[in-house]
Amino acid sequence: TKIRFEVSDLSETSVPPGWHPALVTSARMRRSAQGNPMVQVVFSLVDMPVASSPLADYFVLDGATAHGLAMSRRRLAQLYRAAGLEPKAGDDVVLADLVGAELDIEVDRETWAGQERLRIVGHRRRSGERGTQAVPV
């Protein structure tokens, strides 16, 4: 039996832009290409085939402009709230708290280094929950 590639196998852009239910599968510290610390959060899209579903979001913690760092930290706090957590000033950032969280993520397309790719542009509590509202990033 011959196995052939499908069009959807060859590009991550088979995931349509818009809101998707997602599960946080991992959250960990990493280093950027420039060696700066950052948080990487990986999501599995619940409504998409397994092969196309992992998407990552990144939160830079050092090495950017003051404005960029403030935006990144604010986005991370918004992700915690979308995951149903309520961080307070002075709380430790415990990435393990995010793993297993169910929420919605908004996906869009962008061109980076000449190639189209997906990026996460928003987080919100899972649709259908009371008080659900978009959390812009």
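# Chatting through a predicted fold

Visitor: Where does L76 sit?
Guide: L76 is in helix α1. Keep in mind that this is a predicted model.

Visitor: Buried or exposed, that L76?
Guide: L76 counts as buried, because its relative accessibility is 7%, and the cut-off for buried is under 20%.

Visitor: What is L76 in contact with, leaving aside its neighbours within four places in sequence?
Guide: With those set aside, L76 is in contact with V39, F59 and V93.

Visitor: And how far is L76 from V41, C-alpha to C-alpha?
Guide: Their C-alpha atoms are separated by 9.7 Å, and the two residues are 35 apart along the chain.

Visitor: OK, zoom out. How many helices and strands are in the chain?
Guide: The chain has one helix and six strands. Going along the sequence, the pattern reads β-β-β-α-β-β-β.

Visitor: What share of the chain is buried?
Guide: Of the 137 residues, 32% are buried. The chain exposes about 8700 Å², and carbon and sulfur atoms supply 51% of that area.

Visitor: Let's talk core. How many residues are in the largest nonpolar one?
Guide: That core has 24 residues, and the ones with the most contacts inside it are V41, F43, L79, L98, L103 and I105. The elements that give two or more residues to it are β1 (18-31), β2 (37-45), β3 (55-60), α1 (66-82), β4 (102-112) and β5 (115-125). As a general point, nonpolar side chains in soluble globular proteins tend to be buried together.

Visitor: Pick I105 from that list. Where is it placed?
Guide: I105 is in strand β4. I105 counts as buried because its relative accessibility is 0%.

Visitor: Which residues does I105 contact, neighbours within four places aside?
Guide: I105 is in contact with G18, W19, H20, A22, F43, L45, L55, I120, G122 and H123.

Visitor: New topic, salt bridges. How many?
Guide: The structure holds eight. Some of them form a network that links E102, D104, R124 and R126.

Visitor: What joins D104 and R126 in there?
Guide: Their side chains meet in a salt bridge, 3.5 Å from N to O. D104 lies in strand β4 and R126 in the loop between β5 and β6 (134-136), so this bridge ties together parts that are 22 residues apart in sequence.

Visitor: Are D104 and R126 buried or exposed?
Guide: D104 is buried, and R126 is buried too.

Visitor: What does E116 pair with?
Guide: E116 forms a salt bridge with R109, and the closest N and O atoms are 3.7 Å apart. E116 counts as partly exposed because its relative accessibility is 46%, and R109 counts as partly exposed at 35%.

Visitor: What about R119, which partner does it have?
Guide: R119 forms a salt bridge with E110, where the closest N and O atoms are 3.4 Å apart. R119 is partly exposed at 41%, and E110 is partly exposed at 22%.

Visitor: Now the loops. What about the phi of A113?
Guide: A113 has a positive phi of about 55° although it is not a glycine. For context, most residues other than glycine have a negative phi.

Visitor: Where does A113 lie, and is it buried or exposed?
Guide: A113 lies in the loop between β4 and β5. A113 is exposed, as its relative accessible area is 66%.

Visitor: Last one: where is S32?
Guide: S32 lies in the loop between β1 and β2. S32 counts as buried, with a relative accessibility of 14%.

Visitor: How far is S32 from F59?
Guide: C-alpha to C-alpha, S32 and F59 are 9.9 Å apart in space, and they are 27 residues apart in sequence.

Definitions and conventions. Residues numbered from 1 in each chain as written. Predicted model: local features only at pLDDT ≥ 70, side-chain atom pairs only at ≥ 80, totals over all residues. Heavy atoms only, no water. Core = buried A, V, L, I, M, F, W, Y, C linked by side-chain atoms within 4.5 Å. Buried < 20%, exposed > 50% of the residue type's maximum accessible area, 1.4 Å probe, protein only. Helix = DSSP H or I, 4+ residues; strand = E, 2+ residues; numbered from the N terminus. Salt bridge = Lys/Arg side-chain N within 4 Å of Asp/Glu carboxyl O. Areas by Shrake-Rupley, 256 points an atom, 1.4 Å probe, with all protein chains shown as cover. Contact = heavy atoms within 4.5 Å.
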